[in-house]
Every structure is written in C-alpha cells, then in structure tokens.
Amino acid sequence: MTHHGLADSERTIARCRIILSVAALIAVYIDPTLPTLTRWLPLTGGPFMLDPLALAVMLSHLGYSITLYLLERWRVVSVRRIAIVSTWLDVAFGAAILLVTEGANSPFYVFFAFAVLAAAFRAGLRLALMVTLSSALIYLGLILVSHPWGLTFYIMRPAYLTLTGYLVGYLGEQRLILENKLRALEAATQREHIARSLHDEYVQALAGVNLRLETCRQLLRRGKSDKALVELTELQAGVNREHDELRTYIRSLLDREATPGRRAAAARTRFSVRAQFDGSLPLVEHALQIMLEGARNVGLHAEADSSAITVEGLPGEITIRIDDDGVGFPNGATVPWAIASRAAELGGSVRVGDHPGGHVTVLLPA
C-alpha cells in the first residue's frame with residue numbers, strides 16, 4: 001500500500017475506533033449483567049452502573065483512540081509507526097475490555113473483530129491471521145485462568161472469532177491484490193501516454209533537426225556559408241523551442257492535481273478538421289504541429305463547444321485557420337508563442353482575432 005493510501009486508511013480506522021469506543025462505553029453502562037471473568041477482581045455492575053475499574057478501562061480506550069486520531073491528523077508520528085503500534089494495542093485493549101466486561105451482552109467481541117478488520121485493511125491475510133490467533137489465544141487463556149469450569153460454554157466464541165478473522169483477512173488480501181493490479185494498469189497507461197507523446201512530438205522534432213543538419217552540411221559543401229548560417233540560426237531557434245516545450249511537458253507530469261481538470265476541459269470541445277495541401281517535409285511537419293498546438297490551446301483555454309481547423313494550399317502559400325466559439329482572446333493578447341515561432345521559422349506570419357470566439361490565421365510560404 002502506498003504512503004498516501006496508508007494515511008487514508010489510518011484516518012478511517014482512527015475515526016471508526018473513536019465511534020466504537022463511545023458506543024461500547026454506552027453499551028456497558030446500560031448492560032444489566034455482571035462480569036464473569038473476574039475471579040480475583042470483585043467487580044460490580046448492573047443497569048446504568050459501571051465499576052470504577054471498568055470505567056477506567058473504557059475511558060482509557062477512548063483516550064487512546066482520540067490520541068491516535070490527533071497524532072495521525074497532526075502528523076506527529078509516521079503513519080507506518082502508528083499502524084504497527086496500534087495493531088497490537090487494539091488487541092491489548094480488547095483483552096482488557098474482555099476482562100472487565102465479559103458477559104452475555106459484552107462488547108469485547110467487537111473490539112477483537114475491529115483489531116482483525118484493521119489488520120486486514122492494512123496488510124492483508126498474514127497480519128489478520130496473526131491478530132486473530134493472538135486474540136483467540138488471549139480469550140482462551142483468560143477463560144482457563146479465570147473461569148475454567150465454563151470452558152465448554154465459551155469455547156465457540158474464539159472459534160467464531162477465528163473464522164471471522166480468516167474470512168476478513170482473505171477479503172483484505174484480495175483488496176490489496178486488486179489495488180496493486182490497478183496501480184500497475186495506471187502506471188502502464190501513463191508510460192504508454194508518455195511514450196506516445198515523446199514519439200509524436202519530440203522524437204519527430206529530433207528527426208527534423210537531423211534533416212536540417214543534413215541540409216546545412218550540403219550547403220557548406222557547396223560553399224553557401226551564408227545560407228547555411230541562416231539555416232543554423234533557424235535550427236537553433238527550433239531547438240530552443242523544443243527544449244522549452246519539453247521542460248513544460250516534464251513539469252506537467254509532476255502537476256498531478258491539475259491533470260483531471262485539464263482533461264475535462266479538453267474533452268468538452270468538438271473539433272472539425274479539413275486539410276489539403278502539399279509541400280516539403282519541414283513544411284508539412286510545421287503545419288501539422290501548428291494544427292496540433294492550436295487544437296490544444298482551444299481545448300484547454302478557449303472553453304469552446306466547437307472548433308474548426310482548416311488548411312488550404314494556395315499558389316505560393318499555405319493558409320491555416322483555427323476558429324472556435326469560445327471566450328476569444330483578451331484585449332491586447334499576443335500571438336500564441338509556439339505557433340508564432342514555428343511560423344517565423346518558415347518565414348510566415350500569424351494573425352489573431354475574436355468577436356465572437358477566437359480566430360487564428362497562419363500564413364506559411366510554400
């Protein structure tokens with residue numbers, strides 16, 4: 001179980017422990033029967049009456065429950081340490097409550113069952129069985145020491161506890177197995193998403209860099225150093241842009257809280273895409289990347305219900321239009337940087353407009 005999952009589990013267990021402690025205190029107070037396992041402790045009892053020793057034990061458990069809740073809430077002690085210590089303290093308190101309240105209506109069984117349930121919830125079958133056997137042996141030991149002539153009458157209670165502990169531990173183990181499978185599936189899905197993003201964007205960008213470096217080499221071989229310098233300058237700008245985008249992407253992987261909201265916003269908009277043009281590989285690559293960046297901007301920021309992306313190949317140039325029915329651009333808004341830098345790299349231009357919705361027009365020389 002992850003640290004976050006363990007913290008949530010301990011918080012839930014702590015709240016249930018407080019509820020159990022208060023409910024048991026009320027139940028013992030109104031219980032009309034006398035304790036039967038106090039051979040050497042002359043305890044009193046009856047309806048609306050509590051022996052001072054029984055009251056001390058019940059109040060101690062209530063204080064223990066509140067203390068664990070506050071320690072977990074204030075994070076004074078690590079969650080794992082709280083889980084280890086409280087597992088066996090729950091058993092010890094169950095035995096103490098058994099000693100001072102055992103009778104026809106005693107709530108001690110619920111305390112042992114709670115210890116078993118908490119153990120199964122935390123660590124599965126193995127710890128649940130350890131807690132179950134410990135609780136059953138403690139109960140049998142108290143019977144043999146304090147009330148041996150009633151062994152045949154009480155023997156089924158630890159048997160019931162053992163059966164309950166095994167079933168609860170099995171269910172807890174299956175829960176942990178399902179959680180591990182779910183985490184594995186989520187990790188595989190995230191790895192696939194990251195690999196697809198790296199391949200579709202950054203690996204393709206590296207391939208484009210390789211092609212442009214080959215162009216520079218050919219220009220230098222022909223003695224056209226001026227053109228090679230221009231090509232290298234544009235290539236440097238493109239590498240800087242991809243570096244910034246990669247850094248932004250890496251940061252987005254760490255921004256886990258923002259991911260669900262971004263996905264919900266992106267799923268709202270419906271896109272209509274129409275494209276027909278021809279050109280060289282760098283031109284096609286930049287045009288497709290501009291379309292992709294425009295679609296992402298609309299999905300994440302425009303709050304639009306629909307958007308249309310069209311690409312038309314005209315003599316001497318390519319026109320890319322990205323229109324949506326969203327909130328539009330604010331007054332004085334600048335051109336989206338990723339789109340503008342790609343257009344400038346090819347010697348193109350970008351215009352933005354609104355009223356109503358947002359409109360981006362990109363002109364690229366063919």
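This is a predicted model: local features need pLDDT of at least 70, side-chain atom pairs count only at pLDDT 80 or more; totals for chains, interfaces and linings use all residues.
Reader: How many disulfides are counted?

Author: A disulfide is a covalent bond between the sulfur atoms of two cysteines. The criterion here is a pair of cysteine sulfur atoms within 2.5 Å. By this rule the count is zero.

Reader: Which residues other than glycine have a positive phi?

Author: Most residues other than glycine have a negative phi. Arg75 is one with a positive value, near 55°, and Glu303 also has a positive phi near 55°. Helices (H or I, at least four residues) and strands (E, at least two) are DSSP runs numbered from the N terminus. Arg75 is in the loop between helix 2 (52-74) and helix 3 (79-101), and is exposed at 53% relative accessible area. Glu303 is in the loop between helix 10 (281-302) and strand 4; Glu303 is exposed, with a relative accessible area of 53%.

Reader: Where does helix 3 bend?

Author: A bend at a residue is the angle between axes fitted to the seven residues ending there and the seven starting there. Helix 3 bends by about 25° at Ser86. For the span, the expected value is 1.5 Å times one less than the number of residues. Helix 3 has 23 residues and reaches 31 Å from its first C-alpha to its last, close to the expected 33 Å.

Reader: Which strands pair with strand 5?

Author: Two strands pair if DSSP finds at least two bridges between them. Strand 4 (residues 306-314) pairs with strand 5 (residues 317-324) in the antiparallel sense over eight bridges, and Ala308 stands opposite Asp323 in strand 5. The hairpin of strand 4 and strand 5 has two residues between the strands, and Gly316 takes a positive phi near 90° there. Strand 5 is also joined to strand 7 (residues 358-365) by eight bridges, running antiparallel. Ile322 has Val360 in strand 7 as its bridge partner.

Notes. Residues are numbered from 1 along each chain as its sequence is written. Side-chain values use heavy atoms; hydrogens and water are left out. Buried means under 20% relative accessible area, exposed over 50%, partly exposed in between (1.4 Å probe, protein chains only).
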